[in-house]
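Reader: Please show me the model. I have some questions about it.

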Amino acid sequence: MESLILQVISWPMAGIALLVFGFAPGAVLRLIVLAFPPDDPRRRELLGELYAVRRIERPFWVIEQLEVGLFEGLRRRFARRKNHDRSVGSDPDSTTERVTVQGLLLGGLLNTHMDDVGYGGPIACLAAGITPRQLDYWARTGLVEPTVRPAPGSNPQRLYGFRDILVLKVVKRLLDTGISLQQIRTAVEHLGAQGTSDLAQVTLMSDGISVYECTSPDEVVDLLAGGQGVYGIALGRIWREVDGVLTELPGEPTSP
Amino acid sequence: MRRTYALVQVAIALMADPSGRHWGYELSKRSGVRPGVMYPLLQRMLDEGWLADGWEEQAQAGRAKRPPRRYYKLTEAGMAALGAEINGARSDARFSSLPASRLIRGEVA
């Protein structure tokens, strides 16, 4: 133990530290950003920032980023791990969700919701379980836009269709599993390209890092066996939840 | 979000240029908040919808032979929220050591 401490504070070590921080701050920074999950934008961001820092200040700046990596990067990894553990555990809700996928495939869902009714922002928030701020932000960044009546800026006159609210709720659920907004954006774009009747048959599986789309129970089982799907979101179930809430709430007819 | 000293400092730095692009390194310098505190704060503001982010155009970065940088921009909701934070901080004894001129300048927008 004593010799180890001596070694750490010895001159050669100090020399190496000087060399590393003085001449290769970029290499050290590359090691630091490894603390972040692989798809985290902060990785690219910090590497990009290095070039904006004056050369002489770079070693000090890199040392400061060690704190960013330790506190933010490792915490984010830890948060994902926790999500992971929670959903792998015997959560009765997630198992029933997996089971209902099969039920949905047999029953099929009624395509009763046509796009002739729109819901205002407050009702969309209520049905999707999100805050007005989230709704507003997602609309303005183009993540989930109201298709019944789009409105520029933060105009409160937006009208969301049934399908929009479904997507809002899915985004919320994915956020809760620890998925990054970038990944969610990709998933939403993918779902947007599909017909409404197909949506109810989809189960999104997630391992907290990526999102997978399953359209048959076999695919769900495969993913589970491979350890890639630990958190299931059956769209059919969300469909019924949204449907249940919306029948209690007033909608606005869009055709005059 | 709890009104911390760091939050108010970053708010002032952001509101000094409410419509401009903000870069991490400069923001940290101007606000005087260490990166280890500032980046998690920016992330929370992004999650709240107070900030939007984006990446510098590839062409611009490519000319300087470096990777593109990430920037942050205030959203309308962010301007309102941060303006309120700064206003609140002005009447809060905990923040009396922040120079008043900076607080007033931060009120723009």
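Reader: Where in chain A does A:Gln157 lie?
Author: This is a predicted model: local features need pLDDT of at least 70, side-chain atom pairs count only at pLDDT 80 or more, and totals for chains, interfaces and linings use all residues. Residues are numbered from 1 along each chain as its sequence is written, chains are lettered from A and ligands numbered from 1 in the order in which they are written, and side-chain values use heavy atoms, with hydrogens and water left out. Helices (H or I, at least four residues) and strands (E, at least two) are DSSP runs, numbered from the N terminus. A:Gln157 lies in the loop between helix H8 (132–140) and helix H9 (162–176).

Reader: Does A:Gln157 count as buried, exposed or partly exposed, and what is the value?
Author: Buried means under 20% relative accessible area, exposed over 50%, partly exposed in between (1.4 Å probe, protein chains only). A:Gln157 counts as partly exposed, because its relative accessibility is 45%.

Reader: Which strands of chain B stand at the sheet edges?
Author: Two strands pair if DSSP finds at least two bridges between them. The open sheet has the order E1-E3-E2, with antiparallel pairing. Two strands each have a single partner, so one side of each lacks a neighbour in the sheet: E1 (22–23) and E2 (51–55) of chain B.

Reader: Which residue in E3(B) stands opposite B:Trp23?
Author: E1(B) and E3 (residues 70–74) of chain B run antiparallel, joined by two bridges. Opposite B:Trp23 stands B:Tyr71.
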